[in-house]
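Here is a friendly walk through one protein chain, from its overall make-up down to single residues. Keep the structure open beside the text and follow along.

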Amino acid sequence: DSMAMLGLAGAARAYLPPLAVATVDHGLRAESKDEAAFVADFCKELAIPHCTLVWTDGPTGTVNQETARKGRYALLVGHARAIEASHIVTAHTLDDQAETVLMRMASGTGLAGLGAMRPNVERGAMRHIRPFLEVPKSRLVATCTQNHWLYATDPSNANARFTRTRFRTLMPILAGEGLTPERLGTLAARARRTEDALDHVARRTVEGAIIRRAPDGGAIRLKADPFYTEPFDLALRMLRRSMLAIGGEHDKELQISLAKLERLLKNLRMAIRDQRPLRQSLAWAVIAHGGGFIEVRTAPPRRATREKQRAGGGRAERGAEESAA
């Protein structure tokens with residue numbers, strides 16, 4: 001996939017902004033160093049700058065795909081900043097998207113998670129673009145074959161130890177029943193559109209409910225009624241948006257457990273209905289209700305650190321398949 005993207009980018013270079021290529025060598029396979037050198041040679045033919053990024057701070061022992069993914073993006077974002085790039089482009093395909101949808105369905109995700117990968121997303125101050133999300137992998141393989149662009153096959157993609165691989169083996173069976181990658185991709189796109197619409201309304205409703213913001217941005221006070229009178233799923237997004245409003249950049253990159261957020265909102269709505277006080281913490285925030293108001297403030301440092309560690313660990317164990325809406 002990446003070699004097809006590189007070859008096509010080279011062919012269309014006259015119509016594109018300046019390009020640079022980075023290969024992440026996780027060091028998990030003996031062949032990875034030679035594969036990175038192979039990409040570097042192809043870039044030299046195309047006269048495109050190339051850099052091999054070696055993953056040196058990975059954990060010892062067995063490494064799961066989510067941990068490797070997080071390490072990979074940390075390296076790519078860091079390199080992109082160093083060379084003052086504005087965008088990161090990866091070659092995720094329609095097949096990858098379909099597998100992600102299935103994995104998230106199996107994890108019991110919400111609507112946001114069902115939207116799977118977005119074609120254009122923020123990574124800090126960087127934009128991450130996936131131009132091939134609607135392109136089948138077979139088409140990219142055919143493109144490489146037709147243009148005589150050699151590529152390597154990662155044996156881990158066939159390792160049944162990984163969840164994604166096991167779902168990949170099911171795809172032909174599901175396609176035979178009509179659940180094709182194209183239809184799963186369409187489902188994801190529709191879920192994203194619906195999620196974006198709900199999030200837009202939630203953002204507007206939260207802004208209308210804010211009574212006061214702390215000067216340091218670490219707390220907000222809101223009217224409580226909208227969190228009870230609005231439909232549950234909209235109030236769920238309002239609660240998450242309220243937490244994001246007082247969170248830092250690192251907080252915004254964490255996944256908030258959907259199950260915990262739902263449980264918190266149920267408790268909050270009952271407290272609003274019964275006009276009784278409530279105080280609970282979730283991730284980096286403390287949510288308190290009383291006197292017809294809701295306060296969302298940053299949790300004390302020790303508690304916030306503990307919650308972040310739990311959120312991060314839970315995410316790694318579940319493969320980051322649960323999303324917060």
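The chain has 13 helices and 10 strands; helices (H or I, at least four residues) and strands (E, at least two) are DSSP runs, numbered from the N terminus. This is a predicted model, in which local features need pLDDT of at least 70 and side-chain atom pairs count only at pLDDT 80 or more, while totals for chains, interfaces and linings use all residues. Residues are numbered from 1 along each chain as its sequence is written, and side-chain values use heavy atoms, with hydrogens and water left out.

**Overall picture**

The C-alpha trace spans about 70 × 45 × 45 Å along its principal axes. Of the 325 residues, 41% count as buried; buried means under 20% relative accessible area, exposed over 50%, and partly exposed in between (1.4 Å probe, protein chains only). The chain exposes about 17,800 Å², and carbon and sulfur atoms supply 53% of that area. Such accessible areas come from the Shrake-Rupley method with a 1.4 Å probe; for residues, only the protein chains shown count as cover. Among contacts between residues at least 6 apart in sequence, 67% join residues at least 24 apart, where contact means heavy atoms within 4.5 Å.

**The strands and their partners**

Let us begin with the five-stranded sheet. It is open, has the order β6-β7-β10-β9-β8, and its pairing is antiparallel; two strands pair if DSSP finds at least two bridges between them. β6 (210-213) and β8 (278-282) stand at the edges with a single partner strand each, so one side of each has no neighbour in the sheet. From one strand to the next, the twist averages 15°. Helix α8 (residues 181-209) packs on this sheet, touching β6 and β7, and its direction makes about 70° with that of β6. For these angles, axes are lines fitted to C-alpha atoms, for helices over the stretch in contact, and angles run from 0 to 180 degrees between N-to-C directions.

A second open sheet has three strands in the order β3-β5-β4, with mixed pairing. Its edge strands are β3 and β4 (120-123), each of which pairs on one side only. Neighbouring strands here are turned by 30° against each other on average, direction ignored. Helix α3 lies across β3, β4 and β5, running at about 125° to β5.

Strand β1 (residues 21-25) is mostly covered, with four of its five residues buried.

| Strand pair | Sense | Bridges |
|---|---|---|
| β1 and β2 (residues 50-54) | parallel | five bridges |
| β4 and β5 (residues 126-129) | antiparallel | four bridges |
| β6 and β7 (residues 219-223) | antiparallel | three bridges |

To find these pairs on screen, look for Val-24 and its bridge partner Leu-53 in β2, for Val-121 opposite His-128 in β5, and for Arg-213 opposite Ile-220 in β7.

A search of the whole structure finds one aromatic pair. Phe-42 and Trp-149 form this pair, which is tilted, with 6.5 Å centre to centre and 50° between the planes. Rings of Phe, Tyr and Trp (its six-membered ring) pair if their centres lie within 6.5 Å; planes under 30 degrees apart count as stacked, over 60 as edge-to-face and the rest as tilted. The pair links distant parts of the chain: Phe-42 is in helix α2 (residues 32-46) and Trp-149 is in the loop between α6 (137-147) and α7 (163-176), 107 residues apart. Both Phe-42 and Trp-149 are buried.

Thr-143, in helix α6, touches Leu-8 and Trp-149, not counting residues up to four places away in sequence. Thr-143 is buried too, with a relative accessible area of 16%.

Two arginines sit over rings elsewhere. The charged end of Arg-123 is over the ring of Tyr-73, 3.9 Å from its centre, and Arg-221 lies over the face of Phe-293, at 5.0 Å from the ring centre. A charge sits over a ring if NZ of Lys or CZ of Arg is within 6 Å of the ring centre and within 35 degrees of the ring normal.

Most residues other than glycine have a negative phi. Glu-84 has a positive phi of about 60° although it is not a glycine, and Ala-283 has one of about 55°. Glu-84 lies in the loop between α3 (65-82) and β3 (87-89), and Ala-283 in the loop between β8 and β9 (285-290). Which of the two states, buried or exposed, applies to Glu-84? Glu-84 counts as exposed because its relative accessibility is 73%, whereas Ala-283, at 7%, counts as buried.
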